[in-house]
Amino acid sequence: MTPKSLDLAKAGKHSGESRPSWRNQLDKRIDAWMTAPGFYRWAISNPITRWITRRRASQLFNLMAGFVHSQVLLSCVRLSLLEKLREGPQTLHQLAQACEISAPALQRLLHAAVSLRLLELRGPNLYGLGALGAPVAADVGLRLMIEHNAVLFDDMRDTVALLRDEIQPHMQAYWPYMNGDKPPTWETDKVARYSELMSTSQRFVIEELLASYDFSRHRCVMDVGGGQGGWITALAQQHTDLQLMLFDLPPVAALANARFQANGLGGRASALGGSFISDPLPKGADLVTLVRVAHDHPDATVKALLKSIYQALPAGGMLLLAEPMAEASGAHSMGDAYFHFYLLAMGSGRLRTPQELKSLISEAGFSRVVDVANPMPLHTRLLLAQKN
Ligand SMILES: C[S@@+](CC[C@H](N)C(=O)[O-])C[C@H]1O[C@@H](n2cnc3c(N)ncnc32)[C@H](O)[C@@H]1O
């Protein structure tokens, strides 16, 4: 299977096969009505439909302008505007001087940022943080992710060519493990760069995990594909009785061990280097966490990885899987519009529905697979499974 074939039809919902024929007929009439030449004039002149028409026009405009909006956000991040305004409001001229951009030019960016609620006018020509700018100013992980998206946007400059597999996306080079799990040497600068990005962007996922599951039921937790150990460190600090293990590629495991030492966790947390594609997983944990890992890999790899986790667990042991999923309620465009393309550019893996993941987990031998409710499905969704 090439990465281009996401096999959405397998999920059923996108194929349209199960729709009754009356529904198809009705949709056909609605489509014809809504695309008829006089429809717009009718809808905007009718007081009942006017507000729907206005709302849709504005949504469509936002879709068209999406690239401009994301560039406004990226420019605010690159110019450290939001961090500067965290200290207090500033005038146009103060900001122009600090950013080394002429005041008339910078004013365009500031106007755009105010309209997108990244900034807020606090007086004539006085700018402060807006409701959407404040979380970006507060979180370095968000800022790194916004900067990282520039790689994806570069690859999506010609999205049709990307879909046709006619370009070599830069995103593939960003993730060195996309080119094999046992290269002769690891490009350590690239490994450190993606591990840092993952670690700083993991904060929101960690909050979801800690808020949604009782880890005190366990004795030893192993995080597979655990990166440089942000999650395991947070877990160790919250649950001081837990023993902790991490498994990741050798250069990443070395970064995690350094972090555990730096946090005084050397006695309780240890990272082991290896590849879950070609090495067995260490035993000893009664809970395995798999955080933002499965979506990077094709079904065959995920099946083998889940089997390997099953074998590493004792009877009664649990698996907690956390990652963004397709068709998540309240996070539809994040999953289905964003991650499908992110993973396409990355060159491997796919965004799966909870049902698809549950099937893969059951196939690996786990007996019960259930959803774990969490406050913000936008950041991640959670599935829990048990070995009999
Ligand atoms: C997307 S990152 C997620 C990291 C971390 N779990 C998080 O949420 O921030 C995927 C992780 O899987 C690791 N990984 C990829 N292929 C691997 C393999 N074959 N064996 C072990 N780890 C692997 C990567 O090094 C990376 O740390």
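How many bridges join strand β7 to strand β8, and do the two strands run parallel or antiparallel? Strand β7, residues 287–291, is joined to strand β8, residues 318–323, by five bridges, and the two run parallel. Helices and strands are taken here as DSSP runs numbered from the N terminus, with helices (H or I) of at least four residues and strands (E) of at least two, and two strands pair if DSSP finds at least two bridges between them. The model is predicted, so local features need a pLDDT of at least 70 and side-chain atom pairs count only at pLDDT 80 or more, while totals for chains, interfaces and linings use all residues. Residues are numbered from 1 along each chain as its sequence is written.

Strands β7 and β8 belong to an open sheet of seven strands, whose order is β6-β5-β4-β7-β8-β10-β9 and whose pairing is mixed. At the edges stand β6 (269–273) and β9 (368–372), and because each has a single partner strand, one side of each is left without a neighbour in the sheet. From one strand to the next, the twist averages 20 degrees; axes are lines fitted to C-alpha atoms, for helices over the stretch in contact, and angles run from 0 to 180 degrees between N-to-C directions.

Helix α12, residues 203–212, lies across β7, β8, β9 and β10 (381–386), and runs at about 140 degrees to β8. Helix α14, residues 250–262, touches β5 (243–248) and β6, with a direction that makes about 165 degrees with that of β6.

The sheet also leads us to the nonpolar core. Val 288 has Leu 319 as its bridge partner in β8, and both residues, together with Val 224, Ile 309 and Ile 361, touch the most other members of the largest nonpolar core, which has 56 residues. Such a core is a set of buried Ala, Val, Leu, Ile, Met, Phe, Trp, Tyr and Cys residues joined through C-beta atoms within 7 Å; a residue is buried if 20 or more other C-beta atoms lie within 10 Å of its own, exposed if 12 or fewer, and partly exposed in between, with C-beta atoms placed from the backbone. Leaving aside residues up to four places away in sequence, Ile 309 touches Val 224, Leu 281, Val 288 and Leu 319. A second, separate core of 18 residues includes Leu 73, Leu 85, Leu 110 and Ala 113. In soluble globular proteins, nonpolar side chains tend to be buried together.

Gly 335 is found in helix α16, residues 332–346, and counts as buried because it has 22 C-beta neighbours inside 10 Å. Met 178, in the loop between α10 (170–174) and α11 (188–201), has 18 other C-beta atoms within 10 Å and is therefore partly exposed. Not counting residues up to four places away in sequence, Met 178 touches Gln 172, Met 346, Gly 347 and Ser 348.

Two further loop residues have a positive phi although neither is glycine. Arg 117, in the loop between α6 (103–115) and β2 (119–123), has a phi near 65 degrees, and Asn 125, in the loop between β2 and β3 (126–129), has a phi near 60 degrees.

Conventions:
Contact = placed C-beta atoms within 7 Å.
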